[in-house]
Amino acid sequence: MNFAFITKSVAYFDNQIDPMIPEWWAQETLAILYEEMFMGTLVNRDYESYFNKFGDTVNTRRPRELEAIRKAKGDAVTTQDIIADNVQIKLDQWVHTSIIIDDLDEVMSMKDLSRMYAQPAAKALARYVDRIVLGQYPRFLGNSAGYLNGITSSNAKDVLLDLRKVMNDNKAYESGRNVVLSNATETDLLRPEWFVSADKRGDTEGLRNAIIGHKFGFDFMRSNNMATVATGNTTRTFQINNASGYAKGTTALTVDTGSGEITVGTWVEIAGAPYRVTARTGTAPTTAITLASGLKAAVADNVAITVYTPGAVNNAPGYAAGWTKEIVVDGFTVAPQVGQFVTFGSVATPYTIIKVNGTTGITLDRALAADLTDNDAVNIGPAGSYNLTLNRDAITLAIRPLEPVRGGAGALSYTAQDPGNGLTVRVTISYDPVYQKHRWTWDFLAGIEVLDTNLGAVLLG
């Protein structure tokens with residue numbers, strides 16, 4: 001990786017330096033960002049060059065399959081219609097980190113300043129990018145294998161084979177399949193001796209590099225930002241009420257023992273899998289529910305149904321489609337969690353929480369796709385680990401630069417960009433003469449979108 005390096009003509013000695021060199025800070029931050037950002041290297045980045053400014057939209061096509069048709073000598077060929085789904089990608093996230101540095105701190109060496117400020121800033125930006133990419137996982141929940149809080153040494157192999165089958169059935173590319181594990185699921189998968197044994201895996205690269213390595217056609221890796229939702233959210237428990245139980249694929253379930261209403265849109269957990277309720281019978285209590293997707297496995301009578309109590313949007317004007325900042329909520333006695341997925345009202349579109357403000361605010365992985373109104377239900381997903389499985393073209397990410405602040409605006413500014421990996425960052429330094437401090441801001445533009453759900457899946461753990 002090569003960077004252009006621009007400096008002023010000054011001598012650099014401890015306590016004898018000029019720290020007001022935005023070029024140096026931009027290049028330093030970019031180098032750290034490259035080392036820290038994980039998911040940006042695993043997804044599609046092909047559309048970045050088509051964006052120029054904040055708010056730009058790029059339309060791309062996802063072609064559907066064509067069919068090979070047999071013909072006889074002399075027959076005309078059969079013409080097939082080319083059908084493609086339009087996918088819009090928007091550059092609608094302005095990502096930044098901003099801090100205040102006192103004049104007294106700026107007598108330190110560049111090395112010390114970098115360690116204290118540039119490294120934390122770059123890590124914060126990298127963490128944000130990883131969270132918005134990994135935050136797309138609920139959009140792949142229709143393709144899932146495994147059990148929430150239920151992977152063990154005895155079932156791990158079967159779970160991974162089920163995951164492989166999901167990808168095979170969806171005709172996902174066989175090369176370049178990656179599984180990004182949460183800390184919890186990585187631990188569960190490392191327990192079976194067959195999984196980590198180098199001689200049984202046929203290679204030692206994973207052990208040397210502290211990466212789990214290749215197994216069953218997947219490359220396994222771990223990220224601190226992959227979602228593990230701890231237990232503790234407010235829940236209620238119902239049970240299956242059918243003497244013969246229900247077969248795999250069933251959507252209409254009779255329930256009992258619980259109290260209160262299971263509202264439409266609420267998420268429930270049954271036998272280690274998450275389901276969204278689309279209809280219900282009875283309010284106090286609910287006696288039957290309909291699920292948006294069929295049961296992933298047969299269930300017996302009296303199997304528990306864990307119901308996750310929703311909160312609500314708390315903003316009289318509501319929120320318009322395209323909103324990217326915090327959404328004010330109420331009705332939660334326990335705060336939602338970073339990494340937890342949510343839906344709103346009876347709408348199926350899922351989002352992932354990337355930041356929490358106690359019980360009163362959540363920030364999502366991307367802009368709202370539709371308007372929200374005051375008191376719309378905020379339906380939180382079940383506890384457990386959600387591990388994203390994907391080919392490169394399942395998700396596209398765009399990171400684009402901002403122009404340096406124009407001269408004469410009372411600030412020093414520089415934008416660095418690495419043409420090799422597309423990463424960019426702008427550093428702007430401004431001064432407050434009253435408090436005699438400098439404000440330092442690092443920023444760039446970003447956009448995220450799912451290209452093809454058939455190229456991804458979720459390993460529940």
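## Terms and model

Two strands pair if DSSP finds at least two bridges between them. Helices (H or I, at least four residues) and strands (E, at least two) are DSSP runs, numbered from the N terminus. This is a predicted model, in which local features need pLDDT of at least 70, side-chain atom pairs count only at pLDDT 80 or more, and totals for chains, interfaces and linings use all residues. Residues are numbered from 1 along each chain as its sequence is written, and side-chain values use heavy atoms, with hydrogens and water left out.

## The barrel from β15 to β20

Start with a closed barrel of 6 strands. Its order is β15-β16-β19-β18-β17-β20, and the pairing is antiparallel. From one strand to the next, the twist averages 45 degrees. Axes here are lines fitted to C-alpha atoms, for helices over the stretch in contact, and angles run from 0 to 180 degrees between N-to-C directions.

V328 sits opposite G361 of β19.

## The barrel from β9 to β14

Another set of 6 strands closes into a barrel, in the order β9-β10-β13-β12-β11-β14. The pairing is antiparallel. Neighbouring strands of this sheet are turned against each other by 45 degrees on average, direction ignored.

Within it, β11 (residues 267–270) meets β12 (residues 273–281) over 4 bridges, in the antiparallel sense. W267 has R276 in β12 as its bridge partner.

β25 spans residues 437–450. Of its 14 residues, 12 are buried; buried means under 20% relative accessible area, exposed over 50%, and partly exposed in between (1.4 Å probe, protein chains only).

Which strands pair with β25? β3 (residues 93–102) joins it through 10 bridges.

I99 is opposite W440 in β25. R400 is partnered with L445, and Y431 with H438. β24 and β25 also form a hairpin, with 4 residues between them. In that turn, Q436 has a positive phi of about 55 degrees.

## A buried arginine

R177 lies in a loop between α3 (156–169) and β5 (178–181). Buried or exposed: which is R177? R177 counts as buried because its relative accessible area is 2%.

R177 has no salt bridge, meaning a side-chain nitrogen of Lys or Arg within 4 Å of a carboxyl oxygen of Asp or Glu. The nearest side chain of opposite charge is E174, at 5.1 Å. For charge, Lys and Arg count as positive and Asp and Glu as negative, while His and the chain ends are not counted.

What does the side chain of R177 reach? The backbone oxygen of Y173 is at 2.9 Å, and that of A172 is at 3.0 Å. A polar contact of 2.9 Å also links the side chains of R177 and N168. Such a contact is a pair of N or O atoms within 3.5 Å; within protein, one must be able to donate a hydrogen and the other to accept it, and residues adjacent in sequence count only if both atoms are side-chain atoms.

Beyond its neighbours within four places in sequence, R177 is in contact (heavy atoms within 4.5 Å) with residues including R164, M167, F218, D219 and L390. R177 and D219 are 42 residues apart in sequence, yet 6.3 Å apart in space, C-alpha to C-alpha.
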